[in-house]
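This report takes up selected local features of one model: aromatic and charge–ring pairs, a loop residue, a helix and a pocket.

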Amino acid sequence: MIIEKSVKAFLELPLMPLREIVMFPRLVMPLFVGRASSIKAVELAQNTCNKMIILVTQRDAGVDVPQADDLNSIGVVSRVLQVLRLPDDTVKVLFEGIFRAQWQNFRDGEACPMARIIRLTETTSQKEELPALIHAVHESLEEFGKINKKIPQETLLSIRSLQAPGILADAIIPHLKADYLKKQKILEILDVRERLERAYELLQGEVDMASVEKRIKNRVKVQMERNQREYYLNEQVKAINKEMGKDEDPQAEVAELEKKLKERNLPDEARAKGVEEIRKLRIMPPSAAEYTVVRNYIDWILDLPWNDLKEIDINIEKARSILDGDHYGLEKPKERILEYLAVQKLSNGLKGPILCFVGPPGVGKTSLAKSVAKATGRDFVRLSLGGVRDEAEIRGHRRTYVGSMPGKILQSLKRVKFNNPLFCLDEIDKMTSDYRGDPASALLEVLDAEQNNAFMDHYLDLEYDLSKIFFIATANSLHSIPAPLLDRMEIIELSSYLETEKRHIARHFLLPRQIEEHGLQKQNIRISENALLEIIRSYTREAGVRNLEREIAALCRKTAIRLVEENNTGKCVAVTRSRLQSLLGVKKFRHEEREDSPKVGVCAGLAYNQRGGEILLVETSIMSGTGHVATTGQLGDVMTESAKAALAYVRSRADLLGLDPRFYRKVDIHVHVPSGATPKDGPSAGITLATSITSALLGIPVRNDIAMTGEISLRGRVLPIGGLREKLLAARRGGVKRVIVPADNEKDLTEVPDEVLKDLELVFVDHVDEVLPQALDADEGEIFSGRAATLIPLWHSLRQGAGTVKAHTAQ
């Protein structure tokens, strides 16, 4: 009564809006108050309204400053029991609900909203049903207390002791997990029987939900005994979905798989296997561990492009245009590819062996394969085999293993969705083998045109047709490729680019691409021909053009920063040979050049490696000694043997050369090839070594405008060599005018561009005796100063009656 009188004394009270919270009469509830107007309302209630305030729930919780239309019409007049200010400027307030009230005449006061209060009177209808309803509510409360352990038993006992229907309903609602909108509607019900009935509905719903949750937990608990906790959580979600009727029907899933199997174009064996696996799936429970394995296997059968072929329109002229536009040079590979396309067009099928591009890094093997795919209209699939050492990477794992999958071949076909792509087996020479198997042996079936129409993957365990796929393999070297695998491929060699080709590629391909990538205009940078040639010679040493492109990119970056710093995007930066050092730094490489003048014992040979041709100087020195022969300069076994063969030839011709037949006992011979940190090997320096040794022994200098290449035999024959065009380019670059070449290499001149042969005089020889007069700076009589006519073969002295032979010979 004291409270009612105090409220009547204040017909207008401060109003505090609530977000997603509904206050009920006789409920004690703590609230965190953060809005400034709400804090003012609490303070006003404490100071001037005898701690009385009306709490009203907002219709929309997202409104920060609610007006009259944003508030429900009925709230609860409450008393402020305690106020606690927190460090974060919020206030924790303990409220006690007093009675329902309807507010009117909402207005914004000086500090907070104010409203007139009208107390609402409760009514009672159908009083005869109230005892039964109260009894039912008490029973539900007892059951609810057994299931929900979060509510203290003391609280439940105090609620069950209530007999007044309105008070009982108001005491139950705050403890239920109902939405705040539903609670607001119950707050607005003035008929106590109807309010209690609505509270009973929500209470019984909570009891039923708790019962369902308990049943779900009991079911999952049985499963949890066999599975780990993670599996338990997944099964709980499935059980919840099943109770709500949202779980997928396994039989409907199987029917969908059967429908897909009928629609797919599959071989008979694959279709029969799919039908068999679907039959297993139908009788298998979804919770079985094998269910996922069988389902994944069926998905692989359905997803692979068994008979799905992409339509290919072969146009030779278009293909030639694409290949020429993407790659400069490489005439042999491009011609072989066009031949393959022509055969395919005529035969309407795949004819011919698998191609293998072999060449040093950076010459365009993989990009050429991409251009072939573009020219033929096929999808491009690249499989890098570098470092692959497991056979399962090719053939897949058997289904008995956990997480097994098909090999990379079938995985790639699933990705492209067609069974006739261009398959690039990149770095096929980098595969290795260990205890897990030999992937190179697994590739024998893949790359055999007679067998790959029935390729057997371990996972799929079905014959799969790979014969429609165009296979192109790439490798840097053939030495590490097993002979059986090499026999299945047609080898097409991509040699290193010549300087002339690099200049053309840089000017017409690399420079435009880098200009575009760096946001420049064509007129922003101009590189002279001499500068471009200097970059190729002094800043790169490679067979391809990757480093050349990096150096051009560096020039573009220098240009870009200059344009930005000067704020002049129309400026043209000229790159000349003299400015390269300031832009790219000091020269990174140097090439051997010919000597300035003829020197004794110094001879210029020609060498070839994957980076191109080089001039190789051979130096020979003789010293007083006991016949010791030394070779230095990191010479390989083959080159060391060539030096021995050259020395043997010189000793065998000692008399003809005018040397003491026992000269080798009086001197030590030291043969050195400069650039000692670089390993050198090969037989093509044979005549160079012989010429250098002869020059040192005779004291006759070697002409400085000549270079040579050729293998030497013990009889002095000059044998053919490889890499002729690269060697001739190195000679021309080094300022050499005359080159001595084996006569058997004359046929190889057809592959050497005319630009390289320009200003070069080629001398073809069959014997070292023809080399020395060309190379040594002396006439033939001075070189061959001995008497060959009186020479007696050494074997004569080893036979009985050698003296008779000598006398007869002398006569």
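Rings of Phe, Tyr and Trp (its six-membered ring) pair if their centres lie within 6.5 Å; planes under 30 degrees apart count as stacked, over 60 as edge-to-face and the rest as tilted. A search of the whole structure finds 5 such aromatic pairs. One of them joins Phe423 and Phe471: the centres are 5.7 Å apart and the planes at 35°, so the pair is tilted. Phe423 sits in strand β9 and Phe471 in strand β12 (residues 470-475), 48 residues apart, so the pair links distant parts of the chain.

The model is predicted: local features need pLDDT of at least 70, side-chain atom pairs count only at pLDDT 80 or more, and totals for chains, interfaces and linings use all residues. Residues are numbered from 1 along each chain as its sequence is written, and side-chain values use heavy atoms, with hydrogens and water left out. Helices (H or I, at least four residues) and strands (E, at least two) are DSSP runs, numbered from the N terminus.

Buried means under 20% relative accessible area (1.4 Å probe, protein chains only).

| Residue | Relative accessibility |
|---|---|
| Asn419 | 1% |
| Phe423 | 0% |
| Phe471 | 1% |

Asn419 lies in the loop between α16 (408-416) and β9 (422-426). The side chain of Asn419 reaches the backbone oxygen of Asp465 at 3.1 Å. Beyond four places in sequence, Asn419 is in contact (heavy atoms within 4.5 Å) with residues including Pro305, Trp306, Leu413, Tyr464 and Ile469.

Two charges sit over rings (NZ of Lys or CZ of Arg within 6 Å of the ring centre and within 35 degrees of the ring normal). Arg119 lies over the face of Phe99, at 4.4 Å from the ring centre. Lys414 covers the face of Trp300 at 4.1 Å.

Helix α20 (residues 529-539) is mostly covered, with 8 of its 11 residues buried. Among the buried ones are Leu532, Leu533, Ile535 and Ile536. Their cover includes α19 (499-517), β14 (525-527) and α21 (546-566).

The largest pocket has a volume of about 1,100 Å³. Of its 34 lining residues, Glu493, Leu494, Ser495, Arg725 and Glu726 are the closest to its centre. A pocket here is an open set of points on a 1 Å grid where a 1.4 Å probe fits, with protein on both sides within 12 Å along at least five of seven lines; lining residues have an atom within 4 Å of a point. Volume is the space filled by probe spheres set on the points, which are joined across faces, edges and corners. α13 (331-347), α19, β17 (602-609) and α25 (724-733) each supply at least two lining residues.

Conventions
Buried < 20%, exposed > 50% of the residue type's maximum accessible area, 1.4 Å probe, protein only. Polar contact = N/O pair within 3.5 Å; in protein donor to acceptor, adjacent residues only side chain to side chain.
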